[in-house]
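I opened this entry to keep track of what I looked up, and in what order.

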Amino acid sequence: MVAPRLKSRTLRRIKVRLPGSKTVTHYKRRKPSIAKCRKCKANLKGIPHPLQSIFKNLPKTAKRPQRPFGGELCTKCMRAHFVEKARKSE
Amino acid sequence: MVMDIGSIVMKTAGRDAGKRAAIIEIEGNMALIDGETRRRKTNLAHLEPTGQKVDLKKSASHDDVKKALESLKITVRDTKPKTAGERPKKVRKAKENPVEAPAKKATKKTADTEEKEAKPDAKAPAEKKAAPKKPRKKNNGIRQKS
Ligand SMILES: [Zn+2]
């Protein structure tokens, strides 16, 4: 019988194969969703999304790309922003 | 707009994105730029012309670029040459005075009850266990599974 608290879908289920060729279900916290571009909602690359407790302990340089708007905009939107800025500055 | 030697461009990609610089050299699809960015080679596709222009010779020096960009109020980035400093020397901690230790024990023994004196062996291993502490591993890598 599954424990009643594990019957809800709050936790994700992972099937783990044990050395004795026995499969068991492990219950783990769900991961946070992938970071999205502020402008076009595309998935951002270079931003890990482990559990918050792990993410908090990562170094700052591992949390987002080292460019302006890194972690906020995708590269396409960032470049479009600066191309527009360069053309306006004439 | 054509990008030539001396034209002011804005970098639109990478860590220097949004910074203005002057083109110094063009070779194929690569350009050498200097200005707010580091003096560096870049792909021409990563540059956007701003329409301004400065008088510069081909492969002009950093100081020439600095003078030319003063009129446009562009602050040129200076890279400091690295100088090898002295290595920090490791200083070993001085050992605690061996003279003081027995003196403390003696005072304790007199103060403590006889029971504690009877078990000197039990205390010693506990202290030994506490001594070797391994440094905690930093979790810099990202755990994928958890
Ligand atoms: Zn975007």
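**Pocket lining**

I sorted the lining of the second largest pocket by residue class and got five nonpolar, three polar and three charged residues. The lining comprises Ala42(A), Asn43(A), Leu44(A), Lys45(A), Pro65(A), Arg67(A), Gly71(A), Leu73(A), Cys74(A), Thr75(A) and Lys76(A). For the volume of this second largest pocket I noted about 170 Å³.

**Confidence**

I am working with a predicted model, and its scores are ipTM 0.76 and pTM 0.67. For chain B I found a mean pLDDT of 77, with 65% of the residues at 70 or more. I then went through the elements of chain B: the lowest mean pLDDT, 50, belongs to helix 3 (residues 114–118), and the highest, 95, to strand 4 (residues 40–43).

**Strands 3 and 4 of chain B**

I looked next at how strand 4 of chain B is paired. Strand 3 (residues 30–35) of chain B runs antiparallel to strand 4 of chain B, and four bridges join the two. One entry I checked was Ala31(B), whose bridge partner in strand 4 of chain B is Thr42(B).

**Salt bridges**

I counted nine salt bridges over all chains.

I took Arg87(A) with Glu48(B) as one of them; the N to O distance is 2.8 Å. This pair crosses between chains, with Arg87(A) in helix 2 (residues 75–88) of chain A and Glu48(B) in strand 5 (residues 47–53) of chain B. Which end is buried and which exposed? Arg87(A) is exposed, at 52% relative accessibility, and Glu48(B) is buried, at 13%.

Within chain B I looked up Asp16(B) and Arg40(B), which form a salt bridge at 2.9 Å, N to O. I have Asp16(B) as buried, because its relative accessibility is 2%, and Arg40(B) as partly exposed at 23%.

I also noted Arg20(B) with Glu36(B), where the closest N and O atoms are 3.8 Å apart. Arg20(B) is in strand 2 of chain B and Glu36(B) in the loop between strand 3 and strand 4 of chain B, so the pair links parts 16 residues apart in sequence. Arg20(B) is partly exposed, with a relative accessible area of 23%.

Last, I recorded one network: Asp16(B), Lys19(B), Arg38(B) and Arg40(B) are joined by salt bridges that share partners.

Terms used
Residues are numbered from 1 along each chain as its sequence is written. Chains are lettered from A and ligands numbered from 1 in the order in which they are written. This is a predicted model: local features need pLDDT of at least 70, side-chain atom pairs count only at pLDDT 80 or more; totals for chains, interfaces and linings use all residues. Side-chain values use heavy atoms; hydrogens and water are left out. pLDDT is the predictor's confidence in each residue, from 0 to 100. On a 1 Å grid over the protein atoms alone, a cavity is a set of points where a 1.4 Å probe fits but cannot get out, and a pocket is an open set with protein on both sides within 12 Å along at least five of seven lines; lining residues have an atom within 4 Å of a point. Grid points are joined across faces, edges and corners, and a volume is the space filled by probe spheres set on the points. Ala, Val, Leu, Ile, Met, Phe, Trp, Tyr, Cys and Pro count as nonpolar, Asp, Glu, Lys and Arg as charged, and the others, Gly among them, as polar. Two strands pair if DSSP finds at least two bridges between them. A salt bridge is a side-chain nitrogen of Lys or Arg within 4 Å of a carboxyl oxygen of Asp or Glu. Buried means under 20% relative accessible area, exposed over 50%, partly exposed in between (1.4 Å probe, protein chains only).
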